[in-house]
Amino acid sequence: MLRYVWNRILMIFVTLFLILTINFLLLYLMPGSPFQNPRLTPSQRERIEDKYGLNDPVLVQYGRYMYKVSKLDFGGTIATNTYDDIFEEYIIDRLPLTAKIGGIALIIGTVIGITFGALAAIRRNSWLDNSVTVLGVIGVSIPSFVFAAILQEVFAINLDWLPLFYREANPDIGHSLKDQNLGMIMPIIALSVLPIASIMRYMRTELVEVFSSDYILLAQAKGLSKPAVIFKHAIRNALIPVITIIGPMAINLIAGSLVIERFFNIPGLSNSLVTFTLAKETYATLAINFFYSFMYVTVILIVDILYGVIDPRIRLASNSKLGLIGKLIKSIKRKFQSDNAGGEVNE
Amino acid sequence: MKKVLSILFVLTLAILLAGCKGDKEISGSGMIQDVNVRRAISMAIDKAYYTDTILANESYPADYYIPYNFYGGIGDNGEGVDFRVRAEQVFGDFLPFTKYDMPAGSAESQSPSGYNHYNIEEAKQLWEDSRKRFGIEKDETVVFKMLVHNTASWTSLYDHVKAEIEKNLTGTKIKIISVTFGEKLDKAPTGDFDILFSGWGPDYMDPITYLDLFVTGNGHNNIHYSNPEYDYLINQAKIGAFQGQERLDAYVRAEKILLQDDVALLPIFQSNSVGLRRTQLQNFYTQSVGPDYILKWVSWDTTDDAWAAKEADLKAARIDGDETVLKLLETSKIPDMASFTTTDQVSFYNLAQINEGLMVAGNPQSNEQYLPGMAESYTVSEDGKVYTFTLREDQPWVKSDGTQYNNEVVTAEDFVFAWRKLADPRVASEYSYLLETIGVKGWEIAYEDVTDMTDAEIDTELAKLGVEATGEFELTVTLNTAADYFLGMMSFPSFYPVNEAFYTSLGEDYGKTLTPENLLYNGAYYLSNWDNNGHTLQKSDLYWDKDTVSIDKVIYELVESAEPEVQVQMYLDGDIDSVILRTGALVETYGARSDVRTTGSTTAWYLEFNINNH
Amino acid sequence: MEKLLEVKNLNVTFETHGGTVQAIRDVSFDLHRGETLAVVGESGSGKSVMTKSVMRLLADNGNIKHGEILYHYEDGTIVDIAKLRDGEMHKIRGAEIAMVFQDPMTSLNPTMTIGKQIMEPIMKHQNLSKKDARQKAIELISMVKIDRPTKRMKQYPHEFSGGMRQRIVIAVALACNPNILICDEPTTALDVTIQAQIIDLIKELQQQTKAAVIFITHDLGVVANIADRVAVMYAGKICEIGTSSDVFYTPAHPYTWGLLASKPNTDNLGEKLYSIPGTPPNLLDPPKGDAFALRSNYALELDFEEQPPMFKISDTHYAATWLLHPDAPKVEPPKVVQRRGAKKGVTNNG
Ligand SMILES: Nc1ncnc2c1ncn2[C@@H]1O[C@H](COP(=O)(O)OP(=O)(O)OP(=O)(O)O)[C@@H](O)[C@H]1O
Ligand SMILES: [Mg+2]
């Protein structure tokens, strides 16, 4: 397991390196300059670009940038002094809100998705099952911003129950914490539609398949009650494949938040991404892209590890490939366990 | 069989050739250098259709370059004169003036127009004649490349222009080359276009800010236009050779050369915007230069009649408390409040409220170019190159709690320090180009390669910059050439004073986002609060002209890139007091309300023809 | 012999999109304490459905339409499984009747330790403490002849070979000393050497536990080896039932003949193996008469008209074919089958 994680982390580094490199080159090739003030004459623009090293050969710029990144310095905005350190001042500042909204949406999506998917599978062909199927199709086929627009129209404009967009609590301007929390409801709902629908559908399919498997029959043949069969045997096995899609789901959320944040004016990570990209603020764009990629690969790693934890086939299959440290840890663990269990282990 | 095949082959060939012939396209880059071709194109476009039907936001169709409502100069009576009014006086008899119907409710329901007005018959005639002269065959299509930037809101304009030209001038084709704004900046100077879409707003209150662009060799003269008479008029005006009415008329003549004689530009429209604003707000003047508004002038109508019964809550919140309050919307975070490095409109706008330069942009109502600010008075040397400013001695530096900083007042040294920062190659400020624009002696240091110089050496070089504290309250500026718009530029934030001791105590963090305590204030307001939700401007009791300032507190709520509909909703909810209706649909929905108002702007939008005669 | 299970006129149907599948049609048989009943028949003949009905483990779309499944408790009480409430049924499953499935690769929960899976029925039915249940589970693992039982407890199914897994399934089944053990083709998915081991194990354990076994198989060789009695199923019906020797040496139903003829053994060695022509009937719309008539060389006209009743051949031997009717023409079973019968006579007499 440990070796496995190590390998994955190494892969992450390689992936991130490639992402950064490709992104850098793409942005380099993108025409224009961060100095887009139309009042600068071409020669003035060139002189100021020279000052910022933007006219150096691409390899020099790339090397300089990568050297800085290797020291975890992602640079800041070029044409304005808004962000000296895009990572500290922008990403760290905005990540919590993006993560909070995305995280809640994912949790809600997972919980509701799993619950209703499971209920649909248990009560197959009931009205509940049929509604789950229909809602599932609707949920995956309609993009989240359409939901966002509908929600805004209904709950903010027509009914006036919820604020039209997100506003941070600020007593000076007259916005309470309640306003802030209310403002998060619609974005979260809009974001969670896709995970709810996908996970629901997936869970249902998986569970139906598990129900038809022999080991469920055996569990029933043991005389276990229906709830025991469902909870002890069926759900867990159905969850394993479902977990694999939670990863992509989280990634979908990251992508979805790009649109949703703009829709509800949420000052999150993606808020200025488009602006930065259009303004050819290379470092800022790169840093945000890098961070998105980083989240992406981390989510995949977490899902893989989680998958290993929950599915013994993977967990143990990789045991044989344990590295030195892994073996050491395992033997210590075993010793500890056998002490507790009265030295039962005989291998 | 063979025979059939060969017949088929010949037939196909013939069809192909015929097809090619009918489709034959030739480049228009030669023809565009012909003045009658340019005139034909100019007259072929119905601009009023674009402004009134497509935009429908009360923008003016323009047959002129220098916008309507822009200060032209001093007239014979010694008062400021609107440029267009004077243009009509001078050339009204000569020009085939047509009167556009201006939107009802605007101050002038008839506005002068003029050069190359929309006229299909004449356009067609000019075009056919030109085709003959150039020997263009009937079946040949002339292709003009139009370079534009791909901002979504402009596409309807590009399409309109293309459709009009292609419809009215037979055998033309407009090939739209759509690139990002940044890419357009790169591409325009290469001259790889026949027609270029551009816009220009003024830097200072003098027609030169527009006219200078097309002087031979100007960095913005992407069409490589050159006319000796035009150059003479502008360059002489710049150095102050003409004064008063003479100068104004020189500009009017120059514009006529540019538009009527040479048809270098095809003006399209002067952009205006429609918005909603509390009817009780007074003196919310739109500035034609620099910041959109100067809050110093704004006030609430406090008479009871002004407030409707249903506005009781609003009234209570705005004027009935301890302080009068104005609430406005900010759609992007203030990027950078260090006056000598900042580059964007939001920062400039806010700096103009909290700091003050030598001059203050004139109150638009008074038609004055500029008013004294930190400089109480000034003198100019004989040759117009040396300006000596006498500063007022009683303006304290104010901290973000409204109290005085270290007992310090604004001195000449503060200007010297700020200007040197602007020019400092180590700071590499984008706006150092302004030093070149006004021609301050020694501006070249800004672009010098100083990698091999020590800090002391650089400082020595900087000391040679033409700005000097000749007394504690006396500032002397030396220019390379006389340029009397120089004074107008002194209201621009890049030239504001900065307190050196305070700056040194903070270093790089000076003026940084979200840190009101990292700034010192010498203007009508100071930043009392600045966070991720917005910022608050608080009236400064230590401001020399504080009696003019009416509103105590201006609260800006920040909703980054707020959708236009959201913005309007905020206004309707009473969260903000002024909003612009940014889409046609919004104008349609709310355009009839009693609190609708049109905001003029002095940005000109036009097409440039690639004349390349130089 | 003491009756343990009486199945009477059992009819099972499945509702499908195509219509109602009559999977079990009027099946009756008895199972006695301690005996081994083998059920043979082509694929789709209803063997599994029949046994699953006994466990009440039919798929959601399955119904016991008609008939009784009487289970005799040791204390003499008799319940009709067909009508039992779910709660009661949970007490029978695993405790009174247990089951071993065909594919050991899929019949264990992949995410649960072996120990837990064995302990589950013990804890459910026997009220043992966790510790005792654990002990019992370890015993069961050694009982099915797997070494290092303590270690095995903590392992997961994927760490076991197919044969070992089937042993575990058997251990699970025997965990609560059931009176009936249903083995639905327990060796089909295993390779030949392992098959023999598993069958021996079942035989051995049966002797130890005195459980009655219903053993479903395709392999007639296995039947001869293990079964006291044999039921032959065809198209949802039992077409012949009797002791092993009844069915093997004096088979009466043409379908049984066909089955025996198609099985390789010492008697037909070297001959081209017989295969029953045609395919089984569609149970969505079963034929009016004898379901096998279409494929039978011995079909009488009556076979197409009317279902043959169960004819009694001897006290232990019954078959459903009109050939047994006193008026029926006398037909000779195929050569191979005759030779078998002769052989039996020899053995018996000798
Ligand atoms: N859930 C179900 N829905 C519809 N039909 C079913 C269902 N289960 C079984 N059947 C049908 O019932 C009949 C008997 O099936 P069963 O599984 O009992 O056959 P089997 O004798 O066990 O065959 P095998 O030797 O292949 O295991 C088959 O025709 C089958 O198609
Ligand atoms: Mg079966």
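Student: In this predicted model, which residues does Tyr485(B) contact, leaving aside its neighbours within four places in sequence?

Tutor: Tyr485(B) is in contact with Tyr204(B), Asp206(B), Ile208(B), Lys238(B), Thr437(B) and Ile438(B). Each of these pairs counts as a contact because heavy atoms lie within 4.5 Å.

Student: Why is Tyr485(B) called buried?

Tutor: The relative accessible area of Tyr485(B) is 3%. Buried means under 20%, so Tyr485(B) is buried.

Student: What makes Lys232(A) partly exposed?

Tutor: Lys232(A) has 46% relative accessibility. Partly exposed covers the range between buried, under 20%, and exposed, over 50%; therefore Lys232(A) counts as partly exposed. This residue lies in helix 9 (residues 226-263) of chain A.

Student: Which residues gather with Lys232(A) in a patch of positive charge on the surface?

Tutor: Arg236(A), Lys116(C) and Lys130(C) gather there with Lys232(A).

Student: Which residues form the negative surface patch, and why is Glu448(B) called partly exposed?

Tutor: Glu46(A), Asp50(A), Glu444(B), Glu448(B), Asp449(B) and Asp452(B) form the negative patch. Glu448(B), in the loop between helix 14 (433-438) and helix 15 (455-463) of chain B, has 30% relative accessibility. That value falls between the 20% and 50% limits, so Glu448(B) counts as partly exposed.

Terms used. Residues numbered from 1 in each chain as written. Chains lettered and ligands numbered in written order. Predicted model: local features only at pLDDT ≥ 70, side-chain atom pairs only at ≥ 80, totals over all residues. Heavy atoms only, no water. Buried < 20%, exposed > 50% of the residue type's maximum accessible area, 1.4 Å probe, protein only. Patch = residues over 30% accessible without salt bridge, like charges linked within 9 Å, V, L, I, M, F, W, Y side chains within 5 Å. Areas by Shrake-Rupley, 256 points an atom, 1.4 Å probe, with all protein chains shown as cover. Salt bridge = Lys/Arg side-chain N within 4 Å of Asp/Glu carboxyl O. Lys, Arg positive; Asp, Glu negative; His and termini not counted. Charge placed at Lys NZ, Arg CZ, Asp CG, Glu CD. Helix = DSSP H or I, 4+ residues; strand = E, 2+ residues; numbered from the N terminus.
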